[in-house]
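User: Hi, I'm new to this one and would like a friendly walk through it. Could you put it up on the screen?

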Amino acid sequence: MTTKTKKWILSQAPWQTKDHEVTPEAIFNQRRSIIKAMGLGALGASLSGTSQAGIFDLFSDKAKIESASFVTSPLSFSPNANYSLTEAATPHKKVISHNNFYEFGTAKQDPAANAQGFVVDPWQLVIDGEVERPITLDYDDLTKLFALEERTYRLRCVEAWSMVIPWTGFSLASLLKKAGVKSSATHVAFETLHDPMQMPGQQSRRIGGGIHYPYVEGLTIDEAMNDLSFMAVGLYGKTLPPQNGAPIRLVVPWKYGFKSIKSIVRITLTSSQPKTSWNQLAANEYGFYANVNPAVDHPRWSQASERRIGEGGLFSAKRIATLPFNGYGEQVASLYKGLDLTKFF
Amino acid sequence: MRLMTKHLVWIKLLFHIIALSPIFILIMLVLSEQAGGDPVQYIIHYTGMGALNSLVAVLLISPIAKRFKQGLLMQTRRLVGLYVFGYATLHLMAFISLDLLFEWSLFIEEVIKRPYIIVGAVSFFVLTLLAISSFSLIRRKMAKRWQPLHNFIYLIAMLVPIHFYWSVKSEIIEPSIYIGLMLALLSLRLSTFKKMFQRFSTIVKPSNIPPSRAKKI
C-alpha cells in the first residue's frame, strides 16, 4: 500500500510527461475529498480542519483507495481510414478527466471523481418505436454484435473548447438497420440511464445542475442514418470509462458535444421531433439541431473560435477557428439544404 | 475582550494567511492534476469565487465590528478589500490568458457583446478605482470625495453575484445563494443608504439651491 501510494505520487509529478498509466481512483478519491472540503471555494473554508486534512493527505501515506477504480478492457477493432485526422489527438489522460456529465456533477473533474463505481454490466439497450423488430442488446452484445472500428473525431463542446478523440464502435445506421427502420420514422430519440442511486446528479438539483433527468437527446432520421453518426463503446482502444459514457454512447461530431448522449439505455424511433434536455432547459440557447456553427454565437459567448485541448500544460493550448459543422460539412451540409441555420440552430 | 492596537498586526497576519492559502491550494491542485485534465475553467471559477468570498468577507467586517463593538476591525477593511481586487485580477488574467489565450480582439468583442462579461468588466473597473484610491496619500488628497467613491462597493456587491449567476449554464443554486447573501449584507446597511439618499436629495432639490445659482438654471 505504502509503496503503491508513493509510486502514484511520483507518477503524478508535473515534470514527468507522457505518462498515461494513471491510477485514477487515487486521484479521484483525493480530489473528491479536497473538493468536498473546499465546499464554498476559497476564503473562509480553506482553514477548516477537513480542508487541511485533505491538503495534508496529498503528502501522506493516508491517501487510501476508497473504492475500486472502474476497469476498462482492450477491444479488438480495425481503424477506419476514412475517419482519421492529421490533427494531434487529445491525450488520453485529459479525455478521461475533463468531462461534462452532469449526472455525476457539474464541474469538469466531477464525473471522473464520482463515476468510478458505476455498474455497466449488466446493461440493457432497447431499440424500439417505429422499427420492424424491436431489439434489446445486453452488455456483451454492445461489443460483439457489430465489427468494431476506430474513428478519430473532433469533439466541439458548446462551451467553446474542443478535443480530438479516437473512438471505438460502430455506425448508428448499422444498429438501426438491424432493428429495421419503418418508413414512418422521422426522428430518433435517445435516453440516458436513470438511476439516482448511482448518479448523484439525478438525486440532487444542486449536484445535477437542474437538468430534467433522464437526459434525452434526438436526431432526425437522416442525421441518424448518416455514416458519421457513431455508437462508441470505447476510446483509445479500450472500453469506455464511465465519465465518458460507458458502456455505450452516441458520437455526432458535427454537432455540439451535448448532442452526443452518454450511457444510453433506450433508442426510440419516432414520427415526431423528440424533446432534448438542453433545449428544454434553455430553448433560446440550445436548439434541437445544435450543429457546430461559427456564424451563430451562443447568446452569452462567441462560437467563432475554440480552445483546442491538446498535449502539454496550461499555456500550450491553442485557440483555433471553429469550422462550420466542425469541419464535417462535406458529409453533412447537404442534410440542411434550404434550412435557415440561424433560425434552426 | 476589546481588541487593541497590539492585536491588529496578528489579526492582519491571520487575514493574510486566510486570504492567501487558497492560492497555494489552487497551485497544488493544478500541479497534482486534481483540478481536472484541463483545469482552465476550474482556475477561472476558483479565482472568481476567491473574489466573491473576499467581497462577502469585506462586507461582513463593519457589521461584526459594530455588533461586537470592535472598532479596530474596521482597519482591516482595506486589506480584505485589496484581496477582492487581487482575486478579481487573477480571475480576469486567467480568462484572458488561459481561456482566450491573449486573443485581444476576441476579448474586446466579448466585453462589448456579452452582458455577463460587461457586468464583470464594470465591476472590475470600479474595483480598480477603489484599489488605487486606497493608498493613504490618495485617500487624503481625495478628502470628502473618497467615501462617495468607496460607496460603490455596494454596487459591486450586487453586480458580482449577478455576473456569476449569468455566467453558468444551469447551475444556478450557488449564485442564487450569493445574491441572497449580498442582499442580506446590504440590508444591514439600510440606515447608511437612507443617509446617502437624503444627502443626495438635498443636493438635487431645487429649494436647496441658492437663489443666485437657481437663476442660472
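User: How much of chain A counts as buried?
Analyst: Of the 345 residues of chain A, 45% are buried, meaning that 20 or more other C-beta atoms lie within 10 Å of the residue's own; 12 or fewer makes a residue exposed, anything in between is partly exposed, and C-beta atoms are placed from the backbone. Bear in mind that this is a predicted model, where local features need pLDDT of at least 70, side-chain atom pairs count only at pLDDT 80 or more, and totals for chains, interfaces and linings use all residues. Residues are numbered from 1 along each chain as its sequence is written, while chains are lettered from A and ligands numbered from 1 in the order in which they are written.

User: And what is the mean pLDDT of chain A?
Analyst: The mean is 85, and 80% of the residues of chain A reach 70 or more. pLDDT is the predictor's confidence in each residue, from 0 to 100. Over residues 1–24 of chain A the value is below 50, and that stretch has 18 contacts in the model beyond near neighbours in sequence. Residues 31–67 of chain A also stay under 50, with 63 contacts beyond four places in sequence. Two residues are in contact when their C-beta atoms, placed from the backbone, lie within 7 Å.

User: How many helices and strands does chain A have?
Analyst: Chain A has 12 helices and 13 strands. These are DSSP runs numbered from the N terminus: helices are H or I with at least four residues, strands are E with at least two. Among contacts in chain A with a separation of 6 or more, 70% come from residues 24 or more positions apart.

User: Let's take one strand. Which strands pair with β4 of chain A?
Analyst: β1(A), residues 78–79, pairs with β4(A) in the parallel sense over two bridges, and β5(A), residues 161–171, pairs with β4(A) in the antiparallel sense over eight bridges. Pairing requires that DSSP finds at least two bridges between the strands.

User: Is β4 of chain A mostly covered or uncovered?
Analyst: Mostly covered: β4(A) runs over residues 149–156, and six of its eight residues are buried.

User: What about the hairpin, which residue there has a positive phi?
Analyst: That is Ala160(A), with a phi near 75 degrees; the hairpin of β4(A) and β5(A) has four residues between the strands.

User: Which peptide bonds are cis?
Analyst: One joins Tyr213(A) and Pro214(A), with omega about 5 degrees, and Pro214(A) lies in the loop between α9(A) and β7(A). Another runs from Ala246(A) to Pro247(A), with omega near 0 degrees; Pro247(A) is in the loop between β9(A) and β10(A).

User: Switching topic: which residues touch the most other members of the largest nonpolar core?
Analyst: Phe190(A), Met231(A), Ala232(A) and Leu250(A) do, in a core of 70 residues. A nonpolar core is a set of buried Ala, Val, Leu, Ile, Met, Phe, Trp, Tyr and Cys residues joined through C-beta atoms within 7 Å. Leaving out residues up to four places away in sequence, the residues touched by Ala232(A) include Trp167(A), Leu240(A) and Val251(A).

User: How many residues does each chain bring to the contact between A and B?
Analyst: Chain A brings 38 residues and chain B brings 37. On the side of chain A that touches chain B, the largest share, four residues, comes from α2(A).

User: Last one: what does α8 of chain B pack against?
Analyst: The buried residues of α8(B) pack against α2, α5 and α9 of chain B. Those buried residues include Ile156(B), Leu159(B) and Phe164(B).
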